[in-house]
Amino acid sequence: MRTNLSRFTVGFSDWAWESVLHKYEGGAAPMFPQAWQVGRYLEGYAEREPKEEGEEKGTSTDTEEQELHSEEFDYLLVASGYFSKPHVPDIPGLSDFSAQTVHSSSLHNEGDMQWLLERAGSHGGRLVVIGGSMSGVETASALATHLSSMNFTPGVSSQVGKAYEVHHICSRPFWTVPYYLPHATPRTDAQDGSLHFLPLDLVFYDLSRRPPGPVEYGFGPASAQQVTRVNQYFQGLLGSDYKNVGEKVFSLDDGLSEKVQPSWIGIDDDYAEYVRSESIRTTIGRISAVHVSETGNARIHIQSADGNTTSIDDVAAIVTATGFTPFSSLHFLPADVLTTLEFSATDAFFPVVLDGKGSTNAQLPDIGFVGFYRGPYWGVMEMQARNVAESWFRSESGPELSSSAEAIEEKRQERETVREFRNAGSTLQFPMGDYVGLMESFARDVRVSRSPLDTGGWDGPVIPARYMDESCKKDENMNGEAQTTVDSLRGVLFPEPGSSSLAMASATFRALHGTWRFTRTPVNEDRVSGTMTFHPRYPSSEGYEKEYICEECLESSDEAARSVYRLAKEGSTPYIGIWDVDLAEDPNSAARFSHGLCLAPAKLDKESGKFVVHATAGAEGQDSRHEYAFQLEGVTIPSWTCTASGTNGSTKSTTVYTRL
């Protein structure tokens, strides 16, 4: 499992990822850290804190040895976790299917996926994922990848994954966003007309997307016009081909209908192509009932927004990717405090009414909140902690520094806005999702200045390391950590000219997923046509991030050729490697390295007006070279060519690939 935001956003201002992984692993910091690496990051951050005398890391006592005692404190900070308890929807009949129902939080790796299939039974059937937010998209895609891997396991000829189907049930349309997105930075765009791919958060949190002047925090229900603008932004960013794939799960509204809904998003590299190939079958609606049959499988009924009901039979297992509830994180607060907070035990979006951008309630000045909201974390939580500390410092320092009547009225109005938002029934995926607005407005509140990037007038993206507290800036070590992160960010935004790009390689590799029609024109030979399909599977060799089995079928032949495409991990080159497969030996194993691709940023082709990614590849000891040209349209590749030539430059063949 990886974070769905980059290491620049998933981190604190004064602790660089480079320091953590160098200390623990001696390797480079990944762009999207894995869960265990996030754990190491937090461990390293905690180790920097001074320990009280007698306190040792990792000490604990057995429950039987603990005794209850009471102490009095001046302040209480509620940082008990918003996503504290898995939520399972109350669907009639679901409890009767509990043996084959799991929450998505139970699925972490390949072993967990196999465990789910064992519960579903070897006879196969449909695997149903419920939930249309982040975890629903990730879970459906992870299951599809597991089934595809089962079909192309090295050393195994049977395709047992074909006995199952993945169905995804979600209550609303949504966009699925890949990890890397196209973004033309002002400097590179002005210099050479190139287009880079960046981690999605660096694109979304770019300050240049905001209007000139101070950045204000946007909070409240979205209007139909705002929703339409967001939808149009995604359509332009992702491209029409990607949108057409998503037509099965998303329809662009003109903004004139009262039924328009705020856009929800999921983050995943493979979901859209799984939908295109029908490896994931998506249905918009809500499950109204589950009926267990005599065979042990189930039938589910789905009610659409227009009131129609459809059914899915032969359901072998259900995954509830329905998120978490925050209510148990507040159980320790007394009833009168919960009443003041206007606590709701049913509203997962606004369980309490807070001001201070989710960090305080002015009616309870001795209680503060950190991380008790739905939205991006890390940087905002750090700002919330600073805001709470600032307010408590003012109250301790005397009435001259305490909140003014104007500030008290602003907080009252903020609580009223939250109350109105709650009563309207929030349909926003993340009610506090304006990350840039939160960071900038918090920075003004706590008097933290954003550090410049020295990028020639471009403000660049918002990341926590750019918002160092003044006291931390005076600490040489802490300031050095922030500078390490900012320098790393600058290297990603402005890579060395001609350097190979992991982001471009990742985006290109992702876009190959699926089936292509090709026409190959060998020199002095007849033209041949066929299809080429890239099947995802788990990497079969260490050192690689992703892998495809590529199956090439000629129209004029019943035989199929195979190859293995691999995406290398960070720090390795070439980033995309291609291996030949010996069908007689093992149709699912890489036999001989063919060639590797190093991809530079996309360049604008003046004739077509499209951005094109070029790569020249060869392998030592071979008598051929391969020249690739991938045409970009948003985040997709509608077509690409591969020209094979001899070492003397003579062309052997040209192959043109287009989406099937």
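Me: Is Thr 360 buried or exposed in this predicted model?
Reply: The model is predicted, so local features need pLDDT of at least 70, side-chain atom pairs count only at pLDDT 80 or more, and totals for chains, interfaces and linings use all residues. Residues are numbered from 1 along each chain as its sequence is written, and side-chain values use heavy atoms, with hydrogens and water left out. Burial is judged by relative accessible area with a 1.4 Å probe and protein chains only, where under 20% is buried, over 50% exposed and anything in between partly exposed. Thr 360 has a relative accessible area of 7%, and therefore counts as buried.

Me: With which side chain does the side chain of Thr 360 make a polar contact?
Reply: Thr 360 is placed in the loop between helix H10 (335-340) and strand E15 (367-369), helices (H or I, at least four residues) and strands (E, at least two) being DSSP runs numbered from the N terminus. A polar contact is a pair of N or O atoms within 3.5 Å; within protein, one must be able to donate a hydrogen and the other to accept it, and residues adjacent in sequence count only if both atoms are side-chain atoms. At 2.5 Å, the partner of the Thr 360 side chain is the side chain of Asp 355.

Me: How many disulfides does the count come to?
Reply: A disulfide is here a pair of cysteine sulfur atoms within 2.5 Å. The sulfur of Cys 550, a residue that is buried at a relative accessible area of 1%, is 9.5 Å from the closest cysteine sulfur, in Cys 553, which is too far for a bond. By this rule the count comes to zero.

Me: Why is the pair of Phe 327 and Phe 343 edge-to-face?
Reply: Rings of Phe, Tyr and Trp (its six-membered ring) pair if their centres lie within 6.5 Å, and planes under 30 degrees apart count as stacked, over 60 as edge-to-face and the rest as tilted. The structure holds 37 aromatic pairs. In the pair of Phe 327 and Phe 343 the centres are 6.3 Å apart, and the pair is edge-to-face because the planes stand at 80°.

Me: How many residues apart in sequence are the parts tied together by Phe 534 and Tyr 565?
Reply: The rings of Phe 534 and Tyr 565 have centres 5.0 Å apart and planes at 85°, so this pair is edge-to-face. Phe 534 lies in strand E17 (residues 528-537) and Tyr 565 in strand E19 (residues 560-568), so the parts tied together are apart in sequence by 31 residues.
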